[in-house]
Amino acid sequence: MGTSDSRTYGNWRKPTSPGIFGIGLAGTLMLFIGSLLVIGALFLSIVLALGMAVAVGLVIAPMLIRDEHGRNGVQWLTATGSWAMGVMRGRHVYRSGPFGRIPTLSNVLPGLGTPLEITETEDAHGQPFAIVTAPGPWHHTVVLDCHADGASLVDTDQVDTWVAYWGDWLTQLGHEPGLVAASVTIEAAPDTGARLTREVYGNMRQEAPPLAREVLAEIVQSYPLGSATLTSRVALTYSGAARNTGARRDVEAVAKMLAARLPGLATDLQMTGAGPAIPMTARELGLMLRVAYDPAAAEFIDGAPDEVSWSEVGPVGTLETADAYRHDTAWSITWAMSEAPRGEVFSNVLNRLVMPHPDILRKRVTLMYRPHDVGSSARLVERDRKDALFKAKQAKLAQARDSLAVMAADRAAQEEATGAGLVRFSLYVTATVADRDDLSLAASAVDNLAAASRLRLRRVRYGQSSAFLAALPLGLVMPLHLKVPQTVRDAM
Amino acid sequence: MEAAPEWRGTTVQVCGLWPFGAGSGTPVVGVPVGRTLNGNATLCCDPISWFQRAQLILNPSEFVLGRPGLGKSTIVRRQALGLAGYGVQPLVFGDLKPDYVDLIHALDGQVIALGRGRGFLNVLDPGESKAAAGRLTGDARRALVADAHGRRLNAVASLITVLRGVPPTDREESILHVALHVLDQRHDGVPVLGDLLKVIQEAPDVVRSTALDRGDIERYHAITEELEASLIGLLGNGRLGDMFSRPTTEPMRHDRPVCFDVSSIDDSDAYLQAAALLACWSYGFGAVSVAQALADAGLEPQRHYFVILDELWRVLRVGRGLVDRVDALTRLNRQRGVGMAMITHTMSDLLALPSEEDRMKAKGFVERSGMVICGGLPAAEMPQLTEVVGMTEAEQRMIVDWSTPPSWDLAGRARAQPPGLGKFMVKVGGRPGIPLVVRLTKAELAINDTNRRWTT
């Protein structure tokens, strides 16, 4: 891979709203109205007009300031403000169980995870699978457990085919009725050896020769040391909310729809290099969450065959600080992608980011996709093209960057017209370590990995607990869980 | 909390951020054999578990290829050892080195020594099938008897093939077939080859009519002359000696690990080696099918076997027609509970056969195997191998790299290890290969001299 004739990918862009000075549609409108007000005030009093101009300037100014990650001042102010409010109310601390603030016998998920409910049902082949329901936006998520073969020993042709099918699969998501988001989570974790122990001791015979028993016992002891396991999970989130036709769908209706559609989606997923995809059961999901919050429990949980109650999967206690998250036996940091890989990239660009790293105990990389439906994709690429043209014409001297943007927008419009879908994507990385002192080591490791993958990550500030949840394969679609509506944020 | 910034692109571009580049690892099912080279995870792999429990392969067999000295027998020994722990009996049908004798001894198994003047294996010995047939009824009984009969016929024909260099003719096989039936009716106890020769010489009517002598005894003698000569050759005066014409010295048991030790046969005695291997396979598979028939009838517990056919190339090299015999034997693994490991050095071993159809059949051994395990192989092997196994360029490169010799050790200290020592790639169908390195445990190091070079 990586030879000069390999297929490359790129041409993604951050959706922007048209507006002058890069302050977006809302900012431009505000500036416009503000100017009118100032002019109006001029007729009354010059002092009033000056005061008003300063006020408008104060409102607009934060929008003009952008940091290296492309966030503007308004975003920073709201985030910091709401965090300060949260800390004042003690929202950053979570205690559950008999010794919690409100003593109960359960350990539910903290924060956004608390209201999540789980239902187990069966697919068309009679295999049980679980649906996680987020009652707020009325989202239903099913999680598929995949076993990827990996690309390390595969010919470029095969990888290109897989990647092309992955593109097809993403396109198909845009046609999937009611689907709001899909995510892929690759988790690297140390091998506890429990699976091996279970395999060996579960099959060993009582009457086995002593030598065989001795050798197998030694293997179980020595082999798992230092090795890592990688799991890939694909979460599909469907909306049960009322659409143009029909009423709001409850879990049963969604389960019925999924039971019919899931086997097909899973089969198609196999063509993308994800390997066989099997829907996860409530028990598997529960164990996964339990271990995510309490990695030290992995060792004994890995072998536990019994049921896991949904109300027991959460942590006992968590403490959120501005840029780290303490949960039960571990510390975590979550990053969000602030810039997608620049320029043209090869399909192996994310490999190093998802591979296990010795400095990080457990690492999750989550890619969240939100497809645009077919109708709005066509409108959006067309609008992008117009915006790019508008921007290019605005500048007196045609800037190279603008003409490139026009070309890129043209290309996207062409691809859309020939059948590709349009998809929004974001990326989260969570690194978990056992000790607070290891956090800085893990942070620099992630920085290096991000650089190797040519993307820029921003450590989530004032929102670690939610970001932690977002990076779990639970199908929490963050943009739809926020207080500020999507349209307003888009206009910023 | 604010949402992570989102980016937007068409799906033909966004798919370039492909998340499945790193493999998820392999199912942990089977005997742990080593650790993968790309991730250091424990790899569990053996043909029986992968067929039976994991359902990863379509039949419980494996083909192991690799240059000598890189540890082919070591990985198979590990599988045998682990499977013994899982209640599967390892059976080594013909150990030439000996690679497996120590292991089978250590597993408290039965080691049957064969060789000139050391031990005998009567090819007409039905083993336990006679006694077993007495415990069965109806179809099961008929099937077992017919099976034993066919196996003996095959064994005699194979020996004649080794002796002559060409297989017996159709007519001769028919004569042998009928003569064996006559022998069963006339003879009490276990017959030997001398008794079979006697039957043919006595020319009973059924045999004569099978030989199509048209009532002319002279014609009969002319037809059976070659056959007689071959059988006399097998009685101790031919180049195969008397190993197969005397009563079996130690009958094989079907409830514990077994190894036929033929290491005392000299390497220059290629024909005897091949004949011994064939006789062991025939006899051994006979014992296995007896055990299966008894288990099917509910008379004994269901036993599983892991059959190891090492040094396949020696047998194939000896002469025409033996490929068919091997083919017939290897197809037996479809029976429930018999896993097989076939071991040879290179694909060239299989493709160096003189006749085209034999080459195709030999290739079929590899094609039919549930999985192929490759050690280091020379680059010249790759075209032939990829024809059958379908390897990617990266995989081929890796396997060729493993076959490079160790560097010169100028300091004269410990011997430098070849780079491919203990390294193998497991290929199942078109799926990407899993490269692994076998790591031996202390207990294993203790039982085998050839492993002294290994370090944990």
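Reader: Why are strand 12 of chain A and strand 1 of chain B said to pair?
Author: Two strands pair if DSSP finds at least two bridges between them. Strand 12 (residues 422–433) of chain A and strand 1 of chain B have four bridges, so they pair, in the antiparallel sense. A:Leu422 stands opposite B:Thr10 there. Strands are DSSP runs of E, at least two residues; helices are runs of H or I, at least four; both are numbered from the N terminus. The model is predicted: local features need pLDDT of at least 70 and side-chain atom pairs 80 or more, while totals for chains, interfaces and linings use all residues. Residues are numbered from 1 along each chain as its sequence is written, chains are lettered from A and ligands numbered from 1 in the order written, and side-chain values use heavy atoms, without hydrogens and water.

Reader: What makes A:Glu199 and B:Arg53 a salt bridge?
Author: The term asks for a side-chain nitrogen of Lys or Arg within 4 Å of a carboxyl oxygen of Asp or Glu. Here the N to O distance is 2.8 Å. Chain B and chain A have four salt bridges between them.

Reader: Which element gives the most to the side of chain B that touches chain A?
Author: Helix 3 of chain B, with five residues. By class, that side has 32 nonpolar, 22 polar and twelve charged residues. Nonpolar means Ala, Val, Leu, Ile, Met, Phe, Trp, Tyr, Cys and Pro; charged means Asp, Glu, Lys and Arg; the others, Gly among them, are polar.

Reader: How much area do chain B and chain A bury between them?
Author: About 7,200 Å², 62% of it on carbon and sulfur atoms. Buried area is the accessible area (1.4 Å probe) that two parts lose on being put together, summed over both.

Reader: Why are strand 3 and strand 6 of chain B at the edges?
Author: Eleven strands of chain B form an open sheet with mixed pairing, in the order 3-2-12-11-10-4-9-8-5-7-6. Strand 3 and strand 6 (110–113) each have a single partner strand, so one side of each is left without a neighbour in the sheet.

Reader: How do you know that strand 5 and strand 8 of chain B pair?
Author: Five bridges join strand 5 (residues 88–95) to strand 8 (residues 304–309), and the two run parallel. Pairing asks for at least two, so they qualify. B:Val92 stands opposite B:Ile308 in strand 8 of chain B.
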